[in-house]
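Visitor: Please show me the model, and then let us go through some of its computed features.

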Amino acid sequence: MKAWMAAPLLVISGLGSAQAGLCDVPFMRDGGQVQLTGSGFLAMGADLAFSDVKKQGGDQCQARVQGKASVALAGLPASKPNIDYVMTVRDGRTRFQRDDGRGGLEAVHGSFDLRLLGLFSYEHGGLQEGQTFPRQDFQINLDKRAQSNVLRVHTGAKTVGAQQTVQTALGNYECWPIRYQREIEPTQASFSGISLPIPGINSQVTDWYCPEVQMVMKQESIQNGVPSTVDVTHLK
């Protein structure tokens, strides 16, 4: 189980879908801030600040995202890697890259993908009960300071449920529940010369998307019968 403390040092390769409206969320501006706090069996969170925001209209924008991510499993102390990358949204796609120090951008390595928190996920409006989003497959690599087999994460098809009032850390909102399965395949990892198993984790996940603030305000999941939550606890 301790091997999973390396989970924050993950990067999901490839691109994820970004829907129209991502560039209009409240924190997508210079000085914007968002804090996500996790609790339970799989506690994920992040403290993020946005700067150098450039908008070209529609879903075309770019921002520098800085802060810390956090993941803790089964009550173990959380590991908190630094985040510093450039997020670009263009032509319905979102890409996370890093400043290469030479005026260009390079692929992010050894960081944490915010899409696991449900933050950058759904269009701001137009959702309806029964609507579906396709399944996704991600390939995950541990930070280069550790050696491991590739981790693979699969999310099943996502289905929108009936809108309802949800209590969040920042008040009550009318929100859409988007439900799906998430599977993390087991693998082996080597840290400090010790090989340890990373167990497979199957989760039932609900992202609560709240149109009033154009974002997911709460993510609920159940892993091995134990619940976890991720809440937006600060928004500026």
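**Charge, core and links**

Visitor: How many Å from the centre of the ring of Tyr180 is the charged end of Lys158?
Guide: The criterion for a charge over a ring is NZ of Lys or CZ of Arg within 6 Å of the ring centre and within 35 degrees of the ring normal. The charged end of Lys158 sits over the ring of Tyr180, and its distance from the centre is 4.5 Å.

Visitor: What is the origin of the model, and which atoms do the side-chain values use?
Guide: This is a predicted model, in which local features need pLDDT of at least 70 and side-chain atom pairs count only at pLDDT 80 or more, while totals for chains, interfaces and linings use all residues. Residues are numbered from 1 along each chain as its sequence is written, hydrogens and water are left out, and side-chain values use heavy atoms.

Visitor: How many helices and how many strands does the protein have?
Guide: Both are DSSP runs numbered from the N terminus, helices being H or I of at least four residues and strands E of at least two. The count for the protein is 0 helices and 20 strands.

Visitor: What share of the residues in the protein is buried?
Guide: Buried means under 20% relative accessible area, exposed means over 50%, and partly exposed is in between (1.4 Å probe, protein chains only). Of the 236 residues in the protein, the buried share is 49%.

Visitor: How many disulfides are found in the whole structure, and what is the pairing?
Guide: A disulfide is a pair of cysteine sulfur atoms within 2.5 Å. A search of the whole structure finds 2 disulfides, and with the bonded cysteines numbered in sequence order the pairing is 1-2, 3-4.

Visitor: Is the link of Cys23 and Cys61 left-handed or right-handed?
Guide: The sulfur atoms of Cys23 and Cys61 are 2.1 Å apart. Cys23 counts as buried because its relative accessibility is 1%. The angle about the S-S bond is -85 degrees, and the link is left-handed.

Visitor: What is the angle about the S-S bond of Cys175 and Cys210?
Guide: Cys175 and Cys210 are joined by a disulfide, S to S 2.1 Å. Cys175 is in strand S15 and Cys210 in strand S18, 35 residues apart. Both cysteines, Cys175 and Cys210, are buried. Their link is right-handed, and the angle is 90 degrees.

Visitor: Which residues does Gly200 touch, leaving out those up to four places away in sequence?
Guide: Gly200 is in the loop between strand S17 (194-198) and S18, and it counts as partly exposed because its relative accessibility is 32%. Its C-alpha atom is separated by 4.0 Å from that of Pro186, 14 residues apart along the chain. Contact means heavy atoms within 4.5 Å. Gly200 touches Ile184, Glu185 and Pro186.
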